[in-house]
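These are my notebook entries on a structure that I looked up entry by entry. The sequence and the model are shown first, and my notes follow.

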Amino acid sequence: MNERELIVLLKKKDREAFKSIVETWQDMVYNTALGILQNAEDAEDTAQEVFIQVYESIASFKEESKFSTWVYRITVSKALDHIRKKKRKKRFAFIQSLYRESNGLMIDPPDFFHPGVKMENKENAAVLFKAMEKLPANQKTSFVLNKMEGLTYQEIADIMNLSASAVDALLQRARQNLKKNLKEYYKSFE
Amino acid sequence: MQEKFRKKIEDTLHSIDGIEKASPSPFFFTRLEARMNREKNTWEKIASFVARPVVALASICLVIMINAAVVFSSSDAKDATAFQNNEIATVDEYSQVSVIFYEYENTKP
């Protein structure tokens with residue numbers, strides 16, 4: 001069954017079509033969410049939310065863009081929403097900790113190790129992911145889509161509703177900021 | 001020193017070149033379906049709770065009470081507005097008089 005037939009069946013809420021779509025796109029969705037969120041549990045949670053959204057709003061998919069572009073857009077927006085929610089929770093926990101006598105320590109998350117990184121690069125990659133966390137949302141998104149999903153500038157532009165030249169500029173700024181963050185990080189050990 | 005940093009930064013930037021795609025743990029679809037059923041059940045529970053005769057009757061009573069409260073408070077507000085209007089009318093009359101006096105005093109062109 002091809003993609004178009006699957007979409008037609010999914011619009012009729014066909015379970016097998018939905019299962020087939022999930023199995024086809026789950027790696028793409030999970031990997032993108034993992035790159036942005038840097039946490040396996042959060043990425044799984046977000047991937048589930050993405051497919052629930054796909055199931056519920058497939059009727060609104062007008063086939064003006066590619067299905068993968070539409071799914072990527074949902075993934076990016078859900079992952080960024082997840083980060084916002086987490087930040088809100090952190091702020092709330094911090095305020096709560098001010099009023100409590102104990103348990104006031106804020107614990108930093110552990111280093112993130114992506115399962116797809118080669119063994120010899122694990123440590124450097126963990127440092128890079130830490131530096132990526134400090135990037136603004138749009139720079140981080142474009143960097144993840146380019147480096148981890150291997151998408152072209154045009155594909156990223158379609159997902160982010162930008163021009164290819166704007167994506168090029170975003171990626172250049174992302175690299176500059178990463179270099180700056182990494183320099184600060186390595187200098188702190190001198 | 002700068003060269004050492006530069007090399008380290010470049011190595012770090014290239015550390016995710018050729019990264020393999022990560023996959024969710026097995027039985028992802030089963031977990032997804034279970035979550036969807038759970039969420040569906042929650043909405044069904046809410047719908048069945050709202051549809052109970054006792055809840056429906058209580059909701060109607062609450063709506064009637066809110067309506068009554070709004071009607072009473074608006075009639076009070078009307079009284080207050082009428083009083084305010086009277087006050088304004090009186091003030092206007094006085095100001096009109098003062099203007100008239102002023103006009104009588106300034107008879108020169």
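**Entry 1: Chain B**

I read along the sequence of chain B and found the pattern α-α-α. I counted 3 helices and 0 strands in chain B; helices (H or I, at least four residues) and strands (E, at least two) are DSSP runs, numbered from the N terminus. I noted that the model is predicted, that local features need pLDDT of at least 70, that side-chain atom pairs count only at pLDDT 80 or more, and that totals for chains, interfaces and linings use all residues. Residues are numbered from 1 along each chain as its sequence is written, while chains are lettered from A and ligands numbered from 1 in the order in which they are written.

I then looked up burial. A residue is buried if 20 or more other C-beta atoms lie within 10 Å of its own, exposed if 12 or fewer, and partly exposed in between, with C-beta atoms placed from the backbone. Buried residues make up 7% of the 109 residues in chain B.

**Entry 2: Chain A**

For chain A I found 8 helices and 0 strands. From the N terminus on, I read its elements as α-α-α-α-α-α-α-α. Its C-alpha atoms fill a box of roughly 60 × 45 × 30 Å along the principal axes. Of the 190 residues of chain A, 29% count as buried.

I next looked up contacts, where two residues are in contact if their C-beta atoms, placed from the backbone, lie within 7 Å. Among contacts in chain A between residues at least 6 apart in sequence, 55% join residues at least 24 apart.

**Entry 3: Where the chains meet**

I found 19 residues of chain B in contact with 29 residues of chain A. On the chain B side, the elements that give two or more residues are α1 (2-13) and α2 (28-50). The most comes from α1(B), with 6 residues. I sorted the residues of this side into 11 nonpolar, 3 polar and 5 charged; Ala, Val, Leu, Ile, Met, Phe, Trp, Tyr, Cys and Pro count as nonpolar, Asp, Glu, Lys and Arg as charged, and the others, Gly among them, as polar.

**Entry 4: The largest nonpolar core**

A nonpolar core is a set of buried Ala, Val, Leu, Ile, Met, Phe, Trp, Tyr and Cys residues joined through C-beta atoms within 7 Å. The largest has 43 residues, and I found that Ala33(A) and Ala47(A) touch the most other members. α2(A) gives the most to this core, with 9 residues. Leaving out residues up to four places away in sequence, I listed Gln26(A), Val29(A), Tyr30(A), Ala33(A) and Pro24(B) as touching Ala47(A).

**Entry 5: Helix α5(A)**

I checked the length of α5(A): at 1.5 Å a residue, its 12 residues should span 16 Å, and its end C-alpha atoms are 17 Å apart, which agrees. The expected span is 1.5 Å times one less than the number of residues. I found Ala125(A), Leu128(A), Ala131(A) and Met132(A) buried in this helix. Seen down the axis of α5(A), these buried residues fall within an arc of 115 degrees, so they line one face of the helix. The arc is that of the directions from the helix axis to the C-beta atoms. What covers them includes α6 and α8 of chain A together with α1 of chain B.

**Entry 6: Ala157(A)**

I placed Ala157(A) in helix α7 of chain A. Is Ala157(A) buried or partly exposed? Ala157(A) is partly exposed, with 19 other C-beta atoms within 10 Å. I noted that Ala157(A) and Val167(A) are 10 residues apart in sequence and 6.1 Å apart in space, C-alpha to C-alpha.
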